[in-house]
Amino acid sequence: MISIEKRDKVDVITFSVNKINALITEEIKEKISRVFDVSNSKVVIDLTGITYIDSSGFGCFLAILKIARNNYGMLKLAHPEPTIMELFKTLYLHNVLQIYDDLDTAVRSFK
């Protein structure tokens, strides 16, 4: 469901699904939180291809952000579809999460 790849000392997480909903958020949170077991981890979640996120999905991202901060890590999101970005803005989560238009910019932002 998710894959993790290293890119310039940044863990890039991609999804093999197009929806993030209550059925999979616990598994996503569990797998991504393991990355933050190492202090100071830098992670970008690539939202390419994600066409739907429900409230539990947004809650999952906030929970992961909290885990990251508790372990001195950094979490950023990249490449949300326009409709998904509108939801982030509607929920004011674009003020809480760092969201980038593309993956390369998000990875470079750690330098």
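Some conventions come first. Residues are numbered from 1 along each chain as its sequence is written, and side-chain values use heavy atoms, without hydrogens or water. Because the model is predicted, local features need pLDDT of at least 70 and side-chain atom pairs count only at pLDDT 80 or more, while totals for chains, interfaces and linings use all residues.

Let me begin with the sheet. Helices (H or I, at least four residues) and strands (E, at least two) are DSSP runs, numbered from the N terminus. Two strands are taken to pair if DSSP finds at least two bridges between them. On that basis, five strands form an open sheet in the order β1-β2-β4-β6-β7, with mixed pairing. At the edges stand β1 (2–7) and β7 (98–100); each has a single partner strand, so one side of each lacks a neighbour in the sheet. From one strand to the next, the twist averages 25°; axes are lines fitted to C-alpha atoms, for helices over the stretch in contact, and angles run from 0 to 180 degrees between N-to-C directions.

Within the sheet, β4 and β6 are parallel and share five bridges. Ile45 stands opposite Leu77 in β6. Helix α2 packs on the sheet and touches β4 and β6, its direction making about 145° with that of β6. Contact here means heavy atoms within 4.5 Å.

I turn now to the interior. A nonpolar core is a set of buried Ala, Val, Leu, Ile, Met, Phe, Trp, Tyr and Cys residues joined through side-chain atoms within 4.5 Å. Buried means under 20% relative accessible area, exposed over 50%, and partly exposed in between, with a 1.4 Å probe and protein chains only. The largest core has 28 residues, of which Ile28, Ile45, Leu75, Phe88 and Leu97 touch the most other members. At least two residues each come from β2 (10–15), α1 (25–35), β4 (42–46), α2 (55–70), β6 (74–78) and α3 (82–90). The largest share, six residues, is supplied by α2. Apart from this core lies another, of eight residues, including Val12, Leu103, Val107 and Phe110.

Which residues does Leu97 contact, leaving aside its neighbours within four places in sequence? They are Phe61, Leu65, Leu75, Leu77 and Phe88.

Finally, two loop residues deserve mention. His79, in the loop between β6 and α3, has a positive phi of about 55° although it is not a glycine. His79 is partly exposed, at 31% relative accessible area. Tyr92, in the loop between α3 and β7, is likewise not a glycine and has a positive phi of about 60°. Tyr92 is exposed, at 57%.
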